[in-house]
Amino acid sequence: MPKAVIVLSFILIHVFTFDARSQEVKKTKVFLLAGQSNMDGRGAAAELTKDDLKQLAFAQKQIHFYYKGTVNYGNDPIVVDGPLDITDPWPFVKKKFRLNKCFGPELFFGIALSKAYPKEKFLFVKRSQGGTSLYGAWNSNWSIEKATLKNEEDKPKLFEDFIST
């Protein structure tokens, strides 16, 4: 009997050790997307094909999208927190570009990633604001002098804001 208990204990330890090794930890890969109006996106969602929308639906299962933009010339924030998707443009953009829904470079980047890595999870963190410069509002060493040179003293400190997001 003691010999059977030792053998059984050995087998159980081996099985549980094997099971623990087989369960790997899945990490979410994070992509930071930052920029000006081009990053904000002016892609016309109405022009997406049925195939594009099908691929987007597949990508949405893998990609969480956090987007912080601004409207009304930087006075009001837009925040999207959910699966990768098309977004609502702010009124000025809607009128100027005749868009009801739009998207930025994250859409097809996300679709391509989801195809290339179908078992991976991703987080896209996007911060954009048109009419800003890298030297002024996006400068990691922001100063009022640098912002003033670019007439951006009234713009938010976007690098700092992006990192705190």
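**Notebook: charged pairs and rings**

I began with Asp88, which forms a salt bridge with Lys101, the closest N and O atoms being 2.5 Å apart. Asp88 sits in the loop between β4 (76-83) and α4 (91-97) and Lys101 in the loop between α4 and β5 (102-103), so the pair ties together parts that are 13 residues apart in sequence. I counted a salt bridge where a side-chain nitrogen of Lys or Arg is within 4 Å of a carboxyl oxygen of Asp or Glu. Helices (H or I, at least four residues) and strands (E, at least two) are DSSP runs, numbered from the N terminus.

A note on the source: this is a predicted model, where local features need pLDDT of at least 70, side-chain atom pairs count only at pLDDT 80 or more, and totals for chains, interfaces and linings use all residues. Residues are numbered from 1 along each chain as its sequence is written, and side-chain values use heavy atoms, with hydrogens and water left out.

I then checked exposure. My classes are buried (under 20% relative accessible area), exposed (over 50%) and partly exposed (in between), with a 1.4 Å probe and protein chains only. Asp88 is partly exposed, at 47% relative accessibility. Lys101 is also partly exposed, at 37%.

**Other salt bridges**

How many salt bridges does the structure hold? I found six. One of them joins the side chains of Glu120 and Lys29, at 2.8 Å from N to O. This pair links distant parts of the chain, 91 residues apart: Glu120 is in the loop between α5 (106-116) and β6 (121-128), Lys29 in strand β1 (residues 28-35). Lys29 is partly exposed, at 37% relative accessibility.

Next I looked up Glu106 and Lys126. Their side chains meet in a salt bridge, 2.8 Å from N to O. Glu106 is in helix α5 and Lys126 in strand β6, 20 residues apart. Are these two buried or exposed? Glu106 is buried at 2% relative accessibility, and Lys126 is buried at 1%. I also noted a network: salt bridges that share partners join Lys68, Arg127 and Asp161.

In β6, Lys126 is the bridge partner of Leu33. β1 and β6 run parallel and are joined by eight bridges; two strands pair if DSSP finds at least two bridges between them. Six of the eight residues of β6 are buried, so I logged the strand as mostly covered.

**Aromatic pairs**

I searched the whole structure for aromatic pairs and found eight. Rings of Phe, Tyr and Trp (its six-membered ring) pair if their centres lie within 6.5 Å; planes under 30 degrees apart count as stacked, over 60 as edge-to-face and the rest as tilted.

Phe31 and Phe124 are an edge-to-face pair, 5.8 Å centre to centre with 80° between the planes. The pair links strand β1, which holds Phe31, to strand β6, which holds Phe124, 93 residues apart. Phe31 is partly exposed at 28%, whereas Phe124 is buried at 0%.

Phe103 and Phe108 have ring centres 5.8 Å apart and planes at 75°, so this pair is edge-to-face. Phe103 is buried at 13% relative accessibility. Phe108 is partly exposed at 37%.

Which residues do ring pairs link into a cluster? I listed Phe31, Phe109, Phe122 and Phe124.
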